[in-house]
Every structure is written in structure tokens, then in C-alpha cells.
Amino acid sequence: MAAVPNTTKALKEEMICRRKATSRFFCNAAWYKGMSYAEHPTEEIPIARAYAFQNMLTLGEKHIYANDLIFGSIIGQYSDGIPDDDVRYYENFSHIAGERGWLQGCDHYASAYDRLLQLGVGGILAEIRDSLKKHSGDREKEIFLTACRIEMEAFRDWIIAHAEKTEDPEIQRICRKVAVEPPASFREALQLVWFAHTIYQWQGLYAMALGRMDQYLYPYYRRDIDEGVLTDEEVQNLLENTFIKIYEQRLWLDRDDVCNICVAGVTPGGENAVNGLTYAVLYAVGKCNIPGPNLSARIHPDTPDHFLCEALKVIGTGLGYPALMNDEVNMKALASMGYDLRDVRNYCMVGCIENFLPGLQPPWSDGRFDSAKMLELTFGRGYDFRTGERKGIDTGDPLTFETMDDFMWAYEAQIKAGAEFYAFRIIRENARYNNRDYVNPFLSCLSVGCVEKGKDLCNGGSVYPAAHGAVIMGIGTIADSLCAIEQCVYKEKSISMETLIAALKADFVGYEKERDLLLAAPKYGNDCDDADKYAVWLTDYTADLFDQYRLEDGGRFYTAMASNTSNIPAGRECAATPDGRKAGEPLSDAASPTYGRDRRGPTYTVRSVTKPDYTRVACGTVINQKYSPSAFRGDANIARLCALIRIYFAGGGQEMQINSVSREILIDAMEHPENHQDLVVRVSGFSAYYTKLEREVQLDILSRTEQG
Amino acid sequence: MELNIFNIQHFCSGDGPGIRTTVFFGSCPLRCPWCHNPECFSNTRTLSMEKVMEELLHDKEFYDRSKGGVTISGGEPLARQEACIALLEQVRAHGIHTALDTSLAVKDPDFSRLLPLTDLFLADIKTADPEAFCAVCGGELQTVLDNLNFLTEKGADVVLRVPLIPGFNTDDASLEGIISLIRQYPYPVTLLPFHRMGSGKYKELGMKYAYADTAPLSAREVEQISQCFRAAGIREAAI
């Protein structure tokens, strides 16, 4: 057996060269599919869609890089040049046929890859045949299953077509084998998974997770290692070669595929799931050092410290991944949604952090719930301060609120009205498409139960109904604002409600003294209950609210506090807030305290951010923490961080994303010190806020910080 | 009891094992011109023991989990020996690991009380040259050595810390002197490369900083120096 070399660097360079060789290109999916639609104008819609899928796979180039160890490239999606009239003509057919969008359940999905590996393509085709027999006479199911057959056969032929592009007999053997049979080796299994993921990319699907690779690939890994077929180094080389391909999206689409990979945690039986492959995946993601493979590590009390420390070392390289997930909290949150315990234990993430049961529920969706904006609407009696538009309900004249309770009553009513509008929109959007016709047979075949039931994933085929995440915006901004209102308006009475509203409307211009008073009130993230209690309240209140709504298929609304970067546009739409934030500035990020305001150090931040009950936030939360690169240097420092994480998780924290402070952040801190007041530089016997250092000294530190 | 301190810093790095909180005491008998904590001379505040303990106990679970604790630093904590001992007693009473960061440049400390209360001494060796120590820092090297010998005799746990100060102790002769001094002791060492992060503090205090224009050592220079220590068989402290 030939040794598996490391070709990561060469492959990355080759990918960059290939991209540079093409100056103008366009996505050919709508064209290729349109030609097929034009050929089958009166075919049953699901079958016409399957033919379109087949035509796209037949015509698209099966590109193989010279340095590929694992095949499957997005290049086949693109054609050189600009679309001509012929292309435009056929594209119209595809536009009319339409596609599900984000809120209608198109992507953000984790497949049942264990099922694909166990059955193989041939096995799934056999299952389709059996199901067709079983459902014979049920026209709708026959149509759907026929569409499944067409798409799986197209997938099979597309894989075989890759074999024809190479002269390497071993590669030809692997392709021909996994096109039909279940894979037997690690390399075959990884190849089949990556082929499926490539198809999702060709379909234009985004944030399709690779899920628990260290679990579903483990049997193949174990066998190959035990039998001496592969070494751990070779396994890592194969994984790197696969993950570096995720970089293709950056090159061709100028965006990163948010391809979540989840490792560690527990097995469906509840045992510690860390194994040799867990480490191989971790190191491979670390070595690739590209954005895109969103690595998540499920940290359970049974997860060995050694693994957590290795994960911290990868984070410390500047990559920022893996995101660390509290397994106990996530599983408790999911269990409360009524899923079977074995399924709960097998959860992974899609997109950034969204908890998901692979292969068992329709694709994920979430949306921005502008809870901070509703504070403005409370002051404005339903009206937007800046545009004058009516965006909420009239919750009464704030000048008549005599106590903080009165104010909270109005704000709660405003949030409740906002949630009703939000749920109305999501439920309608989610059900916008006719589930019989807007099918995704390929995706359904890689899910559990759809083939057997003869139903599409979004048409009752999945084991569980859909779930939607309402992303609660600005917990830090809200907690700080409510605390400032309580302190300044109702307790100390240093600012009247009338003046406060005037100050907010004026964006504090002419109200600098009032702003200073508001800024001086306690802030979330410093282990001070005066502010923290409002974060606890917001978490519980929104969880209760959204628990009342159901999607069309009976699916639940989860809440989330994981803004990604949407706290920036959400903040742009918000007037000044009583925490002293100016109009248009970003809201606090995800579930984190407002940047720069948790100034007492990590131990205080951890105490604050473990106060909300995250077992009620089933979608997930993100706490972003920044540490200087020196905090990751040496075993003693890694052990410190490890202990910090363990305490954070034991206290009920849900997630932590740690960033080793990059050059970019340090430069930004020099230009915008107000956003980075929490950035601490720690050395023996000394520590200082980075923003307070003199410029030359900042440059000293900058020059010692690696490029991120 | 009131404590004269200028800072309490949580989640410190390099001030002892595990997650630590460092209490910085005001005042110092030395006048090292590179000092990064000049505020110890003037910008201190008075906090009650109760307040200080409340802050220190906030992180108790963090100390326990990480085998960390509390470090008393400064300034020079032994310059305020009574307050220092009182604080060590309080911290110890809660079963918390204690470290004392000291220059040892204080004559006849009350070791009979300090030793049972201190788990780890972080002791500075700034130079092996008595004249330089006297002329530049204003201290007596013999005092430092007498104290260190006493600690050694009593079997105390010690980590030696060597600040690497360009123009003061990073030339070959100075380093050789430091190394041959340290080799006489069984202790691991931490090298503390000069940084000028304190320059802003000097400006704020209206003081002149003699080291404002001194560039920090490069990573390579630091590595070369630590190579010399290793070559002499001196261990690096794992803190």
C-alpha cells in the first residue's frame, strides 16, 4: 500500500493557480438545469427537478487537481466567460421552476452520513426500489421515490465519471467502488462523504455540515489503523487534503463555506466519544488554518483534559477554532424539546453553532429577533425614533411609568408583540412552498426515514419536525440599558425619564453629563447582579415566549444568542440606547457582554455569563473571548485556560469561542480604542489595558504578534 | 486593618502556578530605573482587609480547580511586612495557596512568621554584581543573598526570577555572573524580558522614564539567553 503523502500546501497553491487562470466565469447550474426543464415541460414536477439535477451533474466538469487525494471540486459549477443569450434563455426555465430559500428549509443541514456509509449508493438505490414496491399505487410517493432514484443514479454516474478522469488505477478503483458499494476503508469512506458534500455545493446549498466525522468515520479509521493500512499521520494527511478544499468557496465565491465539523462529546450510548480520529480531525483543521471548516468541540465532563488542552493549543495558533461547546447544557436543552435521548447524544452543529440532530430533522433556519430595537419602541410608544415609522405597539407613555416594574411591563409587552409578528412571518415563510413539488430527493436520500416513508425531508419524511431559531439580539446592550434605567431614573433619580428620552433622541449630543451617568451604572459581565439579573430575565422571558409557537409541521422555535455579525446591522438600525451606546453603533455581540465593559477579567466575566439558564436556549449561544497570544504559550497557561473553561461549563455556560488576539485586532484597537477597552496584556507582575499603552509600546506588542 | 495597595489583578499569568490573583502592595526600597510599576511609589489607595479578601475570595473556585492561589507583589511587599503577614494569614485561613513576589532586598524579614504562611517565594535576582545593584537599584546584594540563603536553609519553595534588562544585565559578563550565582541554588528560574509597557504610567504620573527609548529584546535574543541558562543546567520554572 502506497504511503499517503501530505499534499495540503501544494493543493492549496494549485487551487489558487486554477482560480487565477479564470478571469470571467459564471455559475452554470441554472443553465444546465434549465435545458432539462425545457426538455421535460410537462413532467411531474418532482421528476422534472430530478432530471434537472441529473443534467447538471452530467454536464458539469469533474475537476481533479493533480494534488488531490480526495476528489470533488466546485469547479464543475462554473463555466468560463459570460452568460450568452442561449444561457440566459435556459436560465429562465430554472428561475420559473424556483428553489427553496433559507427560511423555507433549503440548507444549513447535517446529513446522516453514517447511513450513506453503511448502505452505500447501491444500498440506498435498493432501499428506493423496495420502497417503490411498498408504496406501489400511491402516486405521490411513487413520483417522489422515482425522483430519488433518478438523483441517486445521477450521483452514482457522476462519481464514476471522476474515475474516467484519471489514469491512476487505485483512484479509479476507489471511485468505481464507492459509486456503488459501501466503503470498506477510511479513504473510501472519506471519499464518499466528500463526494456528497461536493454535490451539496453544486446544488448551491450553504452551511452544509460534515457533522460528527470522528464518530461516523471511526469504524473505518479503527480498522485501517489496527490492520496497518494507514498511520495516524496518513489519516491526518487525507483529512487535511479534504478540509483545504473548503477554501475553494473563498476563491470562487469570495465567501467562506460555514461547514461545521463537530468532534468529541459522547456517543449515543453516553460514553466519552474522544478517540484517535478526534485528534486527527482537530490537528488537520488546525494545520489547514483557513476559515470555513467551523470546528466545534463538544466538551463533556468525561472529555479528557488532554483533549481540551490540545483544542486550546489549536485555538491559540490564532485560528479561533474549535468553538467549545458545553455538552451537558446542550443535551439538556435538546432533551427538553422532546427528542429521544440517543438522538440528543448524537447532536452536532450546523452553520456556526446551531444545535442539530443529523439526518433527523428538516434543514435549519433562523432569524434576527430585534429585542434591543424593542427597547427603543418602548420609549417611542411603538414608533421608530429615527424614521418615525410605526414598528411596534403602543405600550403607554413612559413618562407615566412610576417604577422599574412599570417600565418592564411595557418592555415585555413590546417584546411579546415583536415575537408575535416574528413568529407569524417565520411560520408563513416556512410554509411558502408546496412541499409536494419543492423536493430535494438527494438530500432526502441522505436523511433518515424519507426513502422508507416515500416522503421528502420537508414533506413529513423526516423523523422529527423542523426547528427554527429566533436569534435574540443584544443581551449585553439590553442588560446594561435596563440596569442604567433602573439606577439613574428610578433608584438614584439622577436623570428623569423625559431627559433620558430626549438624550436618546439627540444621540446624547448636549447630554454628555447624562451619558456619563448612564455609562457609570453597572454593566453585564462584571459579576454584578444589578446588571446580570436582566440578562437572566431576557433569556427566560424570550424562551417562554417562543416556546408558545409552532411551525406548520409542529416544529419548535428555539431561541439563540449567536449573532454572528448581525449585531452590526442590527445596531445600525437602532437609536442610542440607555447603556450609553450611540445610535448606529453595533449591539453587544451574541451572548457576550458589551465589548470593553467586562473589565474585571475572565473570572468575573465567567461568573456573569453563567447566570442565565442556557438549558433554555436550545439553538445555542456564543460567548466571544479575546486573549493575547501569550495566554496560550506554554503548558502552564494552557492549563489555566483549561481550568477556566471547566469552571465556566460546570457553572452552566453553553459555549465559548476564544480568540487569540490577532494583529488585525491590535491594529483596530489602536485606531478604535473605545471598542477594545477590555484588551489586557498580561506579563509577570504586570498587566495593562492595551489601549492605555503608548503607541510605541503598542507597536512593540504588534511586532511580536503573528499574522492571524 | 487597612492595606496600602495599588492594584488587584485577577487571572494573572506568570505570577505562580494556576489561576492567580495578584495583590500589588505600594512602596519599595529599591529604585530600579526600568520598573514597570512606578505607581507603587505614589498612586496607591487604602483598602480594608475585608474588601481585599472579598475580591480575593471571588476567585476561590478558580484557584481550587487550577491549583492556583494568591500572589502578593508590589512594589515590595516586605516593605510593608505587617500588612503582608496579616494578608497571608487571612488568605491561608481559607486554604488558598500563597506566593510572595519579592526582591528580598529588605533586611531581616520576619521569616519565622512569613515562612509558615508562604507556599512559594518568587525571588528576584537582578544582578550578581553588588556595585551595580547598589548604584543602579539602590539595594544591597548581600541582603538579598542572606535572605535567599536563609530560605534555602529552611527548605522553602523558591522560584528565582531574572529580569533581562538591556544595558544593565544582558551583556555576557553580567549574565555569566548571574548564572554562576544561581547555579549555587537548587531553584528553577523564570526569565522576565524587559518590556516598556509601563511607559504610559510614568507619563500619567508626570515622571521621567529612563527606559522610555530602550527597545525590548528580540525573541531571538531572549532565546539565546535562555539557552545559556539551560546550558548551565538551570531549569525553567513551569509557572
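Helices are DSSP runs of H or I with at least four residues, numbered from the N terminus. All of the close-up views below are drawn from a predicted model.

**A:E512 in helix α24 of chain A.** Helix α24 of chain A comprises residues 512-520, and A:E512 is found in this helix. With a relative accessibility of 47%, A:E512 counts as partly exposed. A:G580 stands 68 residues away from A:E512 in sequence, yet their C-alpha atoms are 9.6 Å apart in space.

**Aromatic pair of A:F369 and A:Y422.** Over all chains, a search of the whole structure finds 43 aromatic pairs. In the pair shown here, the ring centres of A:F369 and A:Y422 are 5.7 Å apart and the ring planes stand at 85°, so the pair is classed as edge-to-face. A:F369 belongs to strand β10 (residues 365-369) of chain A and A:Y422 to helix α18 (residues 404-430) of chain A, so the pair ties together parts that are 53 residues apart in sequence. A:F369 is buried, at a relative accessible area of 1%. A:Y422 is also buried, and its relative accessible area is 4%.

**Aromatic pair of B:F111 and B:F150.** The ring centres of B:F111 and B:F150 lie 5.2 Å apart, and the planes form an angle of 15°, so this pair is stacked. Distant parts of the chain are linked by the pair: B:F111 is in helix α4 (residues 111-117) of chain B and B:F150 in helix α6 (residues 141-153) of chain B, 39 residues apart. B:F111 counts as buried at 5% relative accessibility, whereas B:F150 is partly exposed with a relative accessible area of 29%.

**An aromatic cluster in chain A.** One aromatic cluster is formed by A:F53, A:F155, A:W158, A:F195, A:Y200, A:W202 and A:F442.

**Charged side chains over the rings of A:Y247 and A:W252.** A:K12 places its charged end over the ring of A:Y247, at 4.7 Å from the ring centre. For A:R19, the charged end sits over the ring of A:W252, and the distance to the ring centre is 5.3 Å.

**Packing of helices α7 and α9 in chain B.** Two packed helices are described by the angle between their axes and the distance between the axes. For helix α7 (residues 172-182) and helix α9 (residues 219-231) of chain B, the angle is about 35° and the axes are 10 Å apart. The crossing of α7(B) past α9(B) is right-handed. From α7(B), the contact is made by B:L175, B:I178, B:I179 and B:I182; from α9(B), it is made by B:I225, B:C228 and B:F229. The residues of this contact comprise seven nonpolar, no polar and no charged.

**Surroundings of A:E188.** A:E188 is found in helix α8 (residues 186-202) of chain A. This glutamate is buried, with a relative accessible area of 3%, which falls under the 20% limit for that class. Leaving aside neighbours within four places in sequence, A:E188 is in contact with A:R173, A:I174, A:K177, A:V178 and A:P183.

**A:P41 in a loop of chain A.** The loop that holds A:P41 runs between α2 (29-39) and α3 (45-59) of chain A. A:P41 is exposed, at a relative accessible area of 62%. A:F93 is 52 residues from A:P41 along the chain, and the C-alpha atoms of the two are separated by 9.3 Å.

**Cis peptide bonds in chain A and chain B.** Most residues other than glycine have a negative phi, and most peptide bonds are trans. The peptide bond from A:Y321 to A:P322, however, is cis, and its omega is near 0°. A:P322 is placed in the loop between α14 (305-319) and β7 (323-326) of chain A. In chain B, B:G74 and B:G75 are joined by a cis peptide bond with an omega of about 20°. B:G75 is found in the loop between β4 (69-73) and α3 (81-93) of chain B.

**Positive phi at A:D254 and A:A590.** A:D254, a residue other than glycine, has a positive phi near 60°. The loop between α12 (247-253) and β5 (259-264) of chain A contains A:D254, which is exposed with a relative accessible area of 60%. A:A590 is not a glycine either, and its phi is positive at about 45°. A:A590 is found in the loop between α26 (567-572) and α27 (602-609) of chain A. At 2% relative accessibility, A:A590 is counted as buried.

Note on methods: Residues are numbered from 1 along each chain as its sequence is written. Chains are lettered from A and ligands numbered from 1 in the order in which they are written. This is a predicted model: local features need pLDDT of at least 70, side-chain atom pairs count only at pLDDT 80 or more; totals for chains, interfaces and linings use all residues. Side-chain values use heavy atoms; hydrogens and water are left out. Rings of Phe, Tyr and Trp (its six-membered ring) pair if their centres lie within 6.5 Å; planes under 30 degrees apart count as stacked, over 60 as edge-to-face and the rest as tilted. Helices (H or I, at least four residues) and strands (E, at least two) are DSSP runs, numbered from the N terminus. Buried means under 20% relative accessible area, exposed over 50%, partly exposed in between (1.4 Å probe, protein chains only). A charge sits over a ring if NZ of Lys or CZ of Arg is within 6 Å of the ring centre and within 35 degrees of the ring normal. Axes are lines fitted to C-alpha atoms, for helices over the stretch in contact, and angles run from 0 to 180 degrees between N-to-C directions. A crossing is left-handed if the near helix is turned anticlockwise from the far one by less than a right angle, and right-handed if clockwise. Contact means heavy atoms within 4.5 Å. Ala, Val, Leu, Ile, Met, Phe, Trp, Tyr, Cys and Pro count as nonpolar, Asp, Glu, Lys and Arg as charged, and the others, Gly among them, as polar.
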